[in-house]
Amino acid sequence: KVVDTKPALTNRLFFFFTATALHETMHILGFDESLYSTYLDYTTGNLYPNVTQTVTLNAARTGGANAMMVTPSVKAWATQHYGCAGIIGMPLENE
């Protein structure tokens, strides 16, 4: 018995629902642009002056301007994870 006759649609639906669940989970964890102004630098106890930065990466791949989360902790994690000393932060999803 064939249950899934439209695998491409099923894959797209799976991706959509998984991406949506992850997106909403990140809001629950505090990643919401209305809260960025309340993020504290754990090394100083002060608010970050600028948590995000708009940059243009590879426009052909990323579609032009991208919002990046730029904090010392995010940069350190990304540098170690990707092995790239020139990385400035991590991209945020554009809504």
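The tour begins with the whole chain and then turns to the sheet, the aromatic pairs, a surface patch and a few single residues.

**Before selecting**

This is a predicted model, in which local features need pLDDT of at least 70 and side-chain atom pairs count only at pLDDT 80 or more, while totals for chains, interfaces and linings use all residues. Residues are numbered from 1 along each chain as its sequence is written, and side-chain values use heavy atoms, with hydrogens and water left out.

**The whole chain**

Display the protein as a cartoon. Three helices and three strands make up its secondary structure; helices (H or I, at least four residues) and strands (E, at least two) are DSSP runs, numbered from the N terminus. Along the sequence the pattern is α-β-α-β-α-β.

Now switch to a surface view. The protein exposes about 7,400 Å², of which carbon and sulfur atoms supply 62%; accessible areas come from the Shrake-Rupley method with a 1.4 Å probe, and for residues only the protein chains shown count as cover. Of the 95 residues, 18% are buried. Here buried means under 20% relative accessible area, exposed over 50%, and partly exposed in between (1.4 Å probe, protein chains only). Among contacts with a separation of 6 or more, 24% are between residues 24 or more positions apart; a contact means heavy atoms within 4.5 Å.

**The sheet**

In which order do the strands of the open sheet lie? Select the three strands: the order is S1-S2-S3, and the pairing is antiparallel. The edge strands are S1 (52-56) and S3 (90-91), each of which pairs on one side only. Two strands are taken to pair if DSSP finds at least two bridges between them. In general, strands of a sheet pair through backbone hydrogen bonds, either parallel or antiparallel.

Select S1 together with S2 (residues 65-69): five bridges join this antiparallel pair. Thr-52 has Met-69 in S2 as its bridge partner, and Val-55 stands opposite Asn-66 in S2. Met-69 stands opposite Met-90 in S3.

Remain in S2 and select Ala-67, which lies in this strand. Ala-67 is partly exposed, because its relative accessible area is 22%. From Ala-67 to Gly-89 the C-alpha to C-alpha distance is 9.6 Å, although the two are 22 residues apart in sequence.

**The aromatic pairs**

How many aromatic pairs are there? The count comes to two, where rings of Phe, Tyr and Trp (its six-membered ring) pair if their centres lie within 6.5 Å; planes under 30 degrees apart count as stacked, over 60 as edge-to-face and the rest as tilted.

Select Phe-16 and Phe-17: the ring centres are 5.2 Å apart and the planes are at 70 degrees, so this pair is edge-to-face. Then select Trp-77 and Tyr-82, an edge-to-face pair with 6.2 Å centre to centre and 90 degrees between the planes. Phe-16 is partly exposed, because its relative accessibility is 48%, whereas Phe-17, at 54%, is exposed. Trp-77 is partly exposed at 44%.

**A nonpolar surface patch**

Select Leu-22, Met-26, Leu-29 and Phe-31. Together these four form a nonpolar patch on the surface with about 370 Å² of accessible area.

Leu-22 belongs to helix H1 (residues 7-28) and counts as exposed, because its relative accessibility is 53%. Phe-31 lies in the loop between H1 and S1 and is partly exposed at 32%. Not counting residues up to four places away in sequence, Phe-31 touches Met-26, Tyr-36, Tyr-39 and Met-69. Phe-31 and Leu-92 are 61 residues apart in sequence, with their C-alpha atoms 9.5 Å apart in space.

**A buried loop residue**

Finally, select Thr-71. Thr-71 is placed in the loop between S2 and helix H3 (72-82). Is Thr-71 buried or exposed? Thr-71 is buried, because its relative accessible area is 7%. Leaving aside residues up to four places away in sequence, Thr-71 touches Tyr-48 and Val-51.

Notes: Patches are made of residues with over 30% relative accessible area and no salt bridge: like charges are joined within 9 Å, nonpolar side chains (Val, Leu, Ile, Met, Phe, Trp, Tyr) within 5 Å. A salt bridge is a side-chain nitrogen of Lys or Arg within 4 Å of a carboxyl oxygen of Asp or Glu.
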